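Here is a short report for a reader who works with coordinates. Look over the sequence and the fold before reading on.

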Amino acid sequence: MATAAISVSKYLEFFRKKEVRSVLDYGAGTLRNSAFMAEAGFRVYAADLPVQVARIMKMVSAKKLAGVLNVDELTDGRLDVDLVLSSYVLNIIPDGTEKSRYLKNIVLNLRPEGYLLVEVRCRATAPQCSSGCAHGTRCPNCIKTYSHQELDQLVESQGFRRVSHYYRRHSVAVLYQRSH
């Protein structure tokens with residue numbers, strides 16, 4: 001079975017108990033989470049920027065997916081998935097219009113009462129990043145990092161409430177549920 005981000009494998013049984021069937025891996029990258037979820041029996045859509053979609057289409061694991069989408073296709077809001085995965089994407093999207101568009105596309109494609117799993121981290125392993133980044137401190141060697149409270153502020157305005165969260169050495173994972 002493919003290896004997923006720790007947060008995805010950690011919540012797998014929760015997703016099954018909540019009868020999650022369809023998943024959007026938004027910012028799918030190398031299909032690590034997409035392949036894992038597809039192999040676990042979920043209907044998975046992968047979405048990424050056009051340049052990455054071209055790479056994804058050449059990957060063997062893309063054949064296991066229900067669809068591969070360019071992020072521009074998400075503005076139609078036609079997926080109505082039960083779960084959106086966002087692994088480390090918010091670390092690299094600049095604040096402002098792009099981040100707003102990313103969050104809007106999540107809402108457009110997630111069914112009411114669906115789940116959003118966000119995992120973010122400090123991208124550098126420099127010694128000065130080791131302890132502070134787990135709590136949202138920004139340092140010169142890191143791209144944007146978040147605490148769970150900062151993520152709450154970012155997504156609550158989009159109609160989400162936090163269900164659970166946990167910290168690891170360089171990351172925080174937060175599970176949200178969309179209101180109906």
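Predicted model: local features only at pLDDT ≥ 70, side-chain atom pairs only at ≥ 80, totals over all residues.

Which residue of S7 does Phe160 stand opposite? Phe160 stands opposite Arg178 in S7.

## Overall layout

The protein chain holds six helices and seven strands. Along the sequence they follow the pattern α-α-β-α-β-α-β-β-α-β-α-β-β. The chain has 180 residues, and 53% of them count as buried. Among contacts with a separation of 6 or more, 64% join residues 24 or more positions apart.

S7 covers residues 171-178. Eight of its eight residues are buried. In a regular strand, side chains alternate between the two faces of the sheet. In S7 both faces are covered. Ser171, Ala173, Leu175 and Gln177 are buried on one side. Val172, Val174, Tyr176 and Arg178 are buried on the other.

S7 has an antiparallel pairing with S6 (residues 160-168), made over eight bridges. Two residues lie between S6 and S7, and the two strands form a hairpin. S7 also runs antiparallel to S5 (residues 110-121), with seven bridges joining them. Here Val120 is the residue opposite Val172.

## A parallel pair and its crossover

S2 (residues 43-48) and S3 (residues 67-70) pair in the parallel sense, over four bridges. Asp48 has Asn70 in S3 as its bridge partner. Between S2 and S3 the chain passes through helix H4 (residues 50-56), and this β-α-β crossover is right-handed.

Asp25 sits in strand S1, which spans residues 22-26. Does Asp25 lie buried or exposed? Asp25 is buried, yet it has no salt bridge. Its nearest side chain of opposite charge is Arg32, 8.3 Å away.

Asp25 does have a polar partner. Its side chain makes a polar contact of 2.7 Å with the side chain of Ser34. Beyond its neighbours within four places in sequence, Asp25 is in contact with Asn33, Ser34, Tyr45, Ala46, Ala47 and Leu85.

## Salt bridges

How many salt bridges does a search of the whole structure find? The search finds seven. Three of them, including one between Glu13 and Arg16, are set out below.

| Pair | Closest N to O | Relative accessibility |
|---|---|---|
| Glu13 and Arg16 | 2.9 Å | Glu13 45%, Arg16 36% |
| Arg101 and Asp72 | 2.3 Å | Arg101 37%, Asp72 43% |

Take Glu13 and Arg16. Both lie in helix H2 (residues 12-17). They are three residues apart, about one turn of the helix. Glu13 counts as partly exposed because its relative accessibility is 45%. Arg16, at 36%, is also partly exposed.

The pair of Arg101 and Asp72 has a closest N to O distance of 2.3 Å. Arg101 lies in helix H5 (residues 97-109) and Asp72 in the loop between S3 and S4 (81-87), so the pair ties together parts that are 29 residues apart in sequence. Arg101 is partly exposed at 37%. Asp72 is partly exposed at 43%.

## Leu108 at helix H5

Leu108 belongs to helix H5. It is partly exposed, with a relative accessible area of 34%. Where does the chain come back to Leu108 in space? Leu108 and Gly77 are 31 residues apart in sequence, yet their C-alpha atoms are 4.5 Å apart. Leaving aside neighbours within four places in sequence, Leu108 is in contact with Leu74, Thr75 and Gly77.

Note on methods. Residues numbered from 1 in each chain as written. Heavy atoms only, no water. Buried < 20%, exposed > 50% of the residue type's maximum accessible area, 1.4 Å probe, protein only. Lys, Arg positive; Asp, Glu negative; His and termini not counted. Salt bridge = Lys/Arg side-chain N within 4 Å of Asp/Glu carboxyl O. Polar contact = N/O pair within 3.5 Å; in protein donor to acceptor, adjacent residues only side chain to side chain. Contact = heavy atoms within 4.5 Å. Pairing = 2+ DSSP bridges. Right-handed = clockwise from strand over helix to strand, strands pointing away.
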